[in-house]
Amino acid sequence: MTSKLTFAAILMAATAISGTAAAKTFVYCSEGSPEGFDPGLYTAGTTFDAAAHTVYNRLLEFKPGTTETVPGLAESWDISEDGLEYTFHLRPGVKFQTTDFFTPTRDLNADDVLFSFERQWQDDHPWHQYVAGASWEYFNGMGFPDLIESIEKVDDMTVRFTLKRREAPFLANLAMPFSSIVSREYADQLEAAGNEQLMNQQPLGTGPFEFVAYQTDAVIRYRAHEDFWNGEQAIDDLVFSITPDASVRYQKLQAGECHLMPYPNAADVEAMKSHPDLKVMEQEGLNVAYLAYNTTQAPFDNVQVRKALNMAINKEAIVDAVFQGQATPAKNPIPPTMWSYNEEIEDDPYDPEAARQMLEEAGVTDLSMKIWAMPVSRPYMLNARRAAELIQSDFAEIGVDVEIVSYEWAEYLDRSRAEDRDGAVMLGWTGDNGDPDNFLHTLLGCDAVGGNNRAQWCNEEFEDLVVQAKQVTDQEERAELYRQAQEVFKQEAPWATLVHSLSIVPMRKEVEGFVQSPLGDFAFEGVDLVE
Amino acid sequence: MLRFFLGRLAVLIPTFIGVSIVAFTFIRILPGDPVMLMSGERVMSPERYAELNQQLGFDRPLWVQYFDFLGGVLTGDLGNSIVTKRPVLNEFFTLFPATLELSLCAIILAVLIGVPLGIIAAVRRGSWLDQSIMGAALVGYSMPIFWWGLLLIILFSGILQWTPVSGRISLLYYFPPVTGFMLVDSLLSGQEGAFRSAVSHLVLPSIVLATIPLAVIARQTRSAMLEVLGEDYVRTARSKGLPPRRVIGLHALRNALIPVITTIGLQVGVLIAGAILTETIFSWPGIGKWMVDSVFRRDYAVVQGGLLLIAGLIMLVNLLVDVLYGLINPRIRH
């Protein structure tokens, strides 16, 4: 049986099941298994693709293809003068999914919203530990327990969040997967039956697709949600065919066994682009790879030295050798797809001769240093050892001797935080919520020294700008502050910004309506198959 | 025979305790803190770190954690995965049938092809046939599984389109698992073509997983046969005019099979190791990949529980081999 026949058979079967003439099944060859189906419990993108973007919605959503937030289950919201009270007006008539395991008797209301957050927030909430070891990692990681003063139900369709301090990125956080709204009524039904753990195995929400079945590590099946508030889906069934190996995913895509795949091997991309049945989308990912100097240790406390080293790094060579061209050199600490990205900034030119001179002027001769290379491949840096070797040879050209060091991953993350750490650490970041604060303040703020701030860099001017930007709610005003912060960053050069890797999505030509997300999500609302 | 069996069984108890200690210690010796890994690049505050450590019980002395684990094992509770939060035992038994089905197919393939090849090579010792079989076995034995699997996929699924690329059954078929064995479940489902689809999905992974055991079994059969063919009783059998087929099939093979069965028993370990890679290439939802992922995530509960279960199964298979051994060779019983 050829694969094409198999595929035709899938379509026919889908037709037979749904009883309509043109039933469509969309198959996504996903890269791994979800950890579970309750987005509040987990932190992996694979899990969010399988649970948050299919089954659930949030009060706010990211506008497809952007990091801007738009109304979701909340139709509108008001922010009080002091910036501490957020009042959300829920969208009327939003239906929960009707499935084999649950039939809703009411539409979405404030109880669902309260339940969704309180279970993550309150230690004594009956659902706080409904699965053993539930740690609500993102809710805690984004600082919600310290931020939220109260959550109240104003009336059936209105919810008010009161914050302890002004926090502009709060709205973006409400669009993140962990803020997905679950059904209170479904939870009550599970609780009554003593089956609470099913919340994490048979998810139920208001999203574009309803959960049908999961065969562990093999296949996840969904059906289009007929009463979805944001319009009917063009496909009838959505299938995640779990395929961990990238070469095998590519084979399946070619054979027509799936329509779209994530994370191709960099080496396959050229062939994919010229394949007659395939097309490829690409976009800078919401990430950055960087080399953080320890700005508290000599000679890296001298901005001249840091600048000189930055000018010695040939970023194009890293793009070619490590990413086979599937990346762009980075000049700013935030990626170009993020709002407030400062286009005006000019990168330090690659100029070994000038770099050597600058070092001499700074009085630094015979410098030998360590470069830390991560032991693992990350989306923002596929091969840190290789990149470190390239930088090693770049630095050798200006007379700087480099020793490359590495540790086991958890050890690496831990040791690289130490304030008296030597040398420069290679690391990177993938954005959580599309807010510049999540890069600039999280990675370079003063209170992150000894933590996420691997450069141990605390600059008053920069700090003032990013803290102020966190407190004003007007987006254009915020963007201006962040643009200024990027200028300070460039002058002070606490990092060598290395690359932003491209996110590449190969798919079959018949796929229409897929929108690539700068956040790296794979969401299939609105996709279609057109022969 | 019963005493022999009970004796073997008694040896298993200290072995099992030893294995539990090794399984528990192994993952903890590896550098890498599971709580630290949970947060990745996102640095956790020291308070949050301490809280999670306490919640997961990693702040207790090691010996307390070990006895807790052992106590759990005795009551059939291997704890919950740190990552998926699901019980380790549930996950294991959801995934294990897939590995078992694949391993059984692979070992049957390896025995059905490997034993006859070994006999032919031994009987035709020194001929071109012998040399090509042994040459092929050497190549098979040294085959990098990942490369071999991809090569077969590209050839048979990509170019020739004879077999599906990966998975256990076509997405067309969906039925709830009854036994967990796709061959059985597809028959039980009564859906037309399901069984055929399951078989076609098994072909390539079985070949890949069978390759190394097949080579080992062929070589072992050959050398065991050669040894036996030189024995006095074989010469006697020949000289009293028995047909060669009967001499080889009955007198020689039965004795040659003893070391071969040991070898087959030992292949269980090789199969589990091979399953890790084979399952990854063929997107096969089994325990091999599950274990590897868990080692990388330092999912202590899964690694220690999984190792113990796998070791327990290997011990069980070895016990069966010992018993078979006793049946074939009465001398061992005494």
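Helices (H or I, at least four residues) and strands (E, at least two) are DSSP runs, numbered from the N terminus.

**Ground rules.** I'm working with a predicted model, where local features need pLDDT of at least 70, side-chain atom pairs count only at pLDDT 80 or more, and totals for chains, interfaces and linings use all residues. Residues are numbered from 1 along each chain as its sequence is written, with chains lettered from A and ligands numbered from 1 in the order in which they are written.

**Entry 1: A:Arg223.** I started here and asked what surrounds this residue. A:Arg223 has 18 other C-beta atoms within 10 Å and is partly exposed. The scale I used: buried is 20 or more other C-beta atoms within 10 Å of the residue's own, exposed is 12 or fewer, partly exposed is in between, and C-beta atoms are placed from the backbone. Next I looked up contacts, which need C-beta atoms, placed from the backbone, within 7 Å. Setting aside neighbours within four places in sequence, I found A:Arg223 in contact with A:Phe209, A:Glu210, A:Val212, A:Asp236 and A:Asp237. I also checked A:Gln233, 10 residues away along the chain: its C-alpha atom is 9.7 Å from that of A:Arg223.

**Entry 2: the sheet around E9.** Here I needed the pairing rule: two strands pair if DSSP finds at least two bridges between them. The sheet is open, has four strands in the order E1-E10-E9-E8 (chain A), and its pairing is mixed. Strand E1 (25-28) and E8 of chain A are the edge strands, each pairing on one side only. From one strand to the next I get an average twist of 20°. I followed E9(A) to E10(A) and found antiparallel pairing over five bridges. A:Tyr222 has A:Leu238 as its bridge partner in E10(A).

**Entry 3: another four-stranded sheet.** This one is open too, ordered E4-E5-E7-E6 (chain A), and its pairing is antiparallel. Strand E4 (74-79) and strand E6 (148-155) of chain A are at the edges with a single partner strand each, so one side of each has no neighbour in the sheet. I zoomed in on E4(A) and strand E5 (residues 85-90) of chain A, which pair in the antiparallel sense over five bridges. A:Ser76 has its bridge partner in E5(A), namely A:His89. I then spotted helix H3 (residues 110-121) of chain A lying across E5, E6 and strand E7 (158-163) of chain A, at about 160° to E6(A). For such angles, axes are lines fitted to C-alpha atoms, for helices over the stretch in contact, and angles run from 0 to 180 degrees between N-to-C directions.

Entry 4: I went looking through the loops.
- The peptide bond from A:Ala298 to A:Pro299 is cis, with omega near -5°. I placed A:Pro299 in the loop between strand E12 (287-293) and helix H10 (303-312) of chain A.
- A:Asp366 isn't a glycine, yet has a positive phi of about 50°. I found A:Asp366 in the loop between helix H12 (352-361) and strand E14 (368-372) of chain A. A:Asp366 counts as exposed, with 7 C-beta neighbours inside 10 Å.
- A:Ala493 also has a positive phi, near 45°. This residue is in the loop between helix H17 (475-492) and strand E17 (495-508) of chain A. A:Ala493 is buried, with 23 other C-beta atoms within 10 Å.

**Entry 5: chain A as a whole.** I counted up the elements: chain A has 17 helices and 19 strands. The radius of gyration of chain A is 25 Å, close to the 24 Å that the globule rule gives for 531 residues, so chain A is as compact as a globular protein of that length. That radius is taken over C-alpha atoms, and the rule is 2.2 Å times the number of residues to the power 0.38. Along its principal axes, the C-alpha trace of chain A spans about 75 × 60 × 40 Å. I also noted that 50% of the 531 residues of chain A count as buried.

**Entry 6: domains of chain B.** I finished by looking at how chain B is divided: domain 1 (1-83 + 301-334) and domain 2 (88-296). The bounds come from an automatic or database domain assignment. I get 28 Å between the C-alpha centres of domain 1 of chain B and domain 2 of chain B.

Key. Contact = placed C-beta atoms within 7 Å.
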